[in-house]
Amino acid sequence: MKPFLAMLAAGLLASPVLAQQATQQSAQAYPNRPLRMVIPWPPGQATDLVGRVVAQRLSDVLGQQVIADNRPGAGGAIGTDIVAKAAPDGYTLLAASSGPVTISPLLLKVPYVSERDLAPIANAGFSPYLLVAQSAFPAANARDFVALVKANPGKYTLASSGTGATAHLIGEYFNSAAGLKATHVPYKGSIPALTDVVSGQVNYMIETAAGTMPFIRNGRLKAYGISLARTSTLAPGIPPLATAADLPGFEAAAWIGVMVSAGTPKPLADKLTAAVDKVLQSQETREKIMSVGVEVEYRRIDEMGAYLKMQSARFADIIKKNGIKVE
């Protein structure tokens, strides 16, 4: 009996060691077949364009094809759920973004819990937002803008691409930080909202640099500041709202990155994050990403995880303070 117990004990002690060895061997062989990058948006959208660039470059770095797979629908929730429920083997990646991962779960019933079902790999970049108004708007700079709107509570209107959209939440975040009271006017998309801001039908808007810069360049919109805590090459000469409007700590952006299903072994996740890091070191890759209005900013697994928690808490606070609901 004693020899049997000794053998059993030895087997139990060896099990974790064998499991670790198996994981290490799996990581060394990974990847040994094509991977899939699920893009939860239709072709042409910013996350799609960034996801395709990253997938193409990852194919070169990993030595296996990374296939871009568009699965649009439900504001990105359908594709995101596919990855949330995928096997945690490192072969199904998500072109992740703030909408379906951070914001939608705070406003809508989605079939996944981001913190439980998804794991960060790396942040690829941010889509910064600009505070803009019609070129004839009387405020000369951001401080004048805040003073004018604050002195006339309820008089001015804030346009957005829709209730609960990232642009709407960042707009409300700015209003709250600056102590402004404005009437929200939601639209079905950025283009009609920007069109009415340009014409003066609505007073101001916070929208992506990609959407606003063409109007700023041709003089039809006036830019007062950028939502990042620093300047951006995507919006040259436009100062951060944190300093221009005297709002210390103000920073918000729509992020785009890579995630996998929770439970993916750490060695595989580490290999993926190192690969994304290598991808983003390429000047050609960086230029392609920036060409679609996304500022390249790499964050590794732990940094991205902490950032996502902070973003979720910030947007949850905005939603609660402003009583934002999506019908």
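Is Phe145 buried or exposed?

## Burial of Phe145 and Tyr224

Phe145 has a relative accessible area of 0%, so it is buried. This is a predicted model. Tyr224 has a relative accessibility of 3% and therefore counts as buried too. The cut-off for buried is under 20% relative accessible area.

## Aromatic pairs

The whole structure holds 10 aromatic pairs. One of them joins Phe137 and Tyr224. Their geometry is edge-to-face, with 6.5 Å centre to centre and 80° between the planes. Phe137 lies in the loop between β5 (129–134) and α6 (142–150). Tyr224 lies in strand β9 (residues 221–226).

Phe145 sits in helix α6, 79 residues from Tyr224 in strand β9.

These residues belong to one aromatic cluster: Phe137, Phe145, Tyr156, Tyr173, Phe174, Tyr204, Tyr224 and Phe250.

## A charge over a ring

Arg33 places its charged end over the ring of Tyr91. The distance to the ring centre is 3.7 Å.

## Helices α11 and α12

Helix α11 spans residues 266–281, and helix α12 spans residues 283–290. Their axes come within 5 Å and cross at roughly 85°. That makes α11 roughly perpendicular to α12.

From α11, the contact uses Val279, Leu280 and Gln281. From α12, it uses Gln283, Thr285, Arg286 and Ile289. By class, the contact has 3 nonpolar, 3 polar and 1 charged residues.

Notes:
Residues are numbered from 1 along each chain as its sequence is written. This is a predicted model: local features need pLDDT of at least 70, side-chain atom pairs count only at pLDDT 80 or more; totals for chains, interfaces and linings use all residues. Side-chain values use heavy atoms; hydrogens and water are left out. Axes are lines fitted to C-alpha atoms, for helices over the stretch in contact, and angles run from 0 to 180 degrees between N-to-C directions. Helices (H or I, at least four residues) and strands (E, at least two) are DSSP runs, numbered from the N terminus. Angles under 35 degrees count as roughly parallel, over 145 as roughly antiparallel, 65 to 115 as roughly perpendicular and the rest as oblique. Contact means heavy atoms within 4.5 Å. Ala, Val, Leu, Ile, Met, Phe, Trp, Tyr, Cys and Pro count as nonpolar, Asp, Glu, Lys and Arg as charged, and the others, Gly among them, as polar. Rings of Phe, Tyr and Trp (its six-membered ring) pair if their centres lie within 6.5 Å; planes under 30 degrees apart count as stacked, over 60 as edge-to-face and the rest as tilted. Buried means under 20% relative accessible area, exposed over 50%, partly exposed in between (1.4 Å probe, protein chains only). A charge sits over a ring if NZ of Lys or CZ of Arg is within 6 Å of the ring centre and within 35 degrees of the ring normal.
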